[in-house]
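This briefing walks through selected local features of one protein model, grouped by topic. Please keep the sequence and the coordinates open while reading.

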Amino acid sequence: MITGSAAGLGKAMAIALAQHGAQVIINGRNEERLLESQAELKDQGYNCEASAFDITDHVARSDAISHLLARHGVIDILINNVGYRDRKTVENFELGAMAKMADANLSAPFELSRLVLPAMVKQEHGRIINITSVVAQISGHGDATYTAVKAGLESLTRALASEYGKHGITVNNISPGFFATEPNRAMVDDKSLSKWLSSRSALGRWGDPKEIAGAAVFLSSDAASFITGQTLCVDGGMLGQL
């Protein structure tokens with residue numbers, strides 16, 4: 001199951017996992033858009049199911065996971081991909097902004113993990129992958145809340161890895177850099193930002209959403225069975241640059 005997978009990085013990961021034989025469950029709030037993506041994957045011959053719910057809605061989240069577990073018995077792989085972002089300077093955030101940011105980017109991944117873990121424990125196997133961000137390790141102006149909660153998600157990943165490793169469950173992060181997704185279209189079209197990116201990362205360009213897929217497949221597979229509590233950066237060499 002990949003949250004936020006009707007488009008962008010989530011959809012790219014869903015397609016890649018399906019290509020490698022997984023029965024994928026895509027998720028999003030917009031049911032119409034989600035069903036369009038499901039139909040697209042099915043037309044390509046992939047085994048795909050759609051589960052429309054808002055990950056921050058406590059009741060909807062619990063009901064959806066209960067329904068999926070009743071149907072499938074276990075969710076073997078959970079990818080917490082949904083990311084909410086609100087770029088503002090600290091003084092311009094309204095009261096409660098941090099709580100809203102944490103609810104989507106930290107609390108929801110925790111609760112979803114908590115809901116799928118019992119079945120994983122029972123079968124003594126499972127994979128949880130949290131999608132964080134390079135900003136968990138580097139900070140920029142006007143992004144304080146997102147930076148903080150993504151760093152928190154990386155810490156949560158290490159804690160879950162420590163607690164559930166004895167059950168054969170691995171928990172890891174994928175930390176994306178700058179990807180040319182639909183929500184980033186305005187940024188991609190900003191020539192000054194692209195110029196900055198060309199000097200700030202080793203590869204000097206935006207990532208294609210398909211380029212995150214290999215990391216998701218690897219961490220989901222038996223090839224990564226001895227890797228847990230780690231962060232795999234898929235950032236075109238951004239964190240390695242001075």
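Which residues point one way from strand E1, which point the other way, and are they buried or exposed? In this predicted model, Val24, Ile26 and Gly28 point to one side of E1 while Ile25 and Asn27 point to the other, and all are buried.

- Because five of the five residues of E1 are buried, the strand is largely enclosed by the rest of the structure.
- E1, which spans residues 24-28, pairs with strand E2, residues 48-52, in the parallel sense, and the pairing runs over five bridges.
- Within this pairing, asparagine 27 stands opposite serine 51 in E2, and glycine 28 stands opposite alanine 52, also in E2.
- Together with helix H2, which covers residues 31-43, the strands E1 and E2 make a β-α-β unit that is right-handed.

**The cavity**

- Rolling a probe the size of a water molecule over the atoms shows where empty space is left.
- When the whole structure is searched, one cavity of 30 Å³ or more is found, and the volume of the largest cavity is about 30 Å³.
- The lining of the largest cavity consists of Tyr84, Asp86, Phe93, Glu94, Ala97, Lys100 and Met101, and by class it comprises four nonpolar and three charged residues, with no polar residue.

**Asparagine 105**

- Asparagine 105 lies in helix H4, which runs over residues 97-123, and it counts as buried because its relative accessibility is 0%, against a cut-off of under 20%.
- Apart from neighbours within four places in sequence, asparagine 105 is in contact with Val82, Gly83, Tyr84, Tyr146, Val149, Lys150 and Leu153.

- Once neighbours within four places in sequence are left aside, glutamine 123 is in contact with Val74 and Asp76.
- Glutamine 123 and glycine 73 are separated by 50 residues in sequence, whereas their C-alpha atoms are 10.0 Å apart in space.
- Glutamate 124 belongs to the loop between H4 and strand E4, the latter being residues 126-131, and with a relative accessible area of 44% glutamate 124 is partly exposed.
- Most residues other than glycine have a negative phi.
- The phi of glutamate 124, by contrast, is near 60 degrees, which is a positive value in a residue other than glycine.

**Histidine 20**

- Histidine 20 is placed in the loop between helix H1, residues 8-19, and E1.
- Histidine 20 counts as exposed because its relative accessible area is 60%, and the class requires over 50%.

Methods: Residues numbered from 1 in each chain as written. Predicted model: local features only at pLDDT ≥ 70, side-chain atom pairs only at ≥ 80, totals over all residues. Heavy atoms only, no water. Pairing = 2+ DSSP bridges. Helix = DSSP H or I, 4+ residues; strand = E, 2+ residues; numbered from the N terminus. Right-handed = clockwise from strand over helix to strand, strands pointing away. 1 Å grid on protein atoms, 1.4 Å probe; cavity = no way out; pocket = protein on both sides within 12 Å on 5 of 7 lines; lining within 4 Å. Points joined across faces, edges and corners; volume = space filled by probe spheres on them. Nonpolar A, V, L, I, M, F, W, Y, C, P; charged D, E, K, R; others polar. Buried < 20%, exposed > 50% of the residue type's maximum accessible area, 1.4 Å probe, protein only. Contact = heavy atoms within 4.5 Å.
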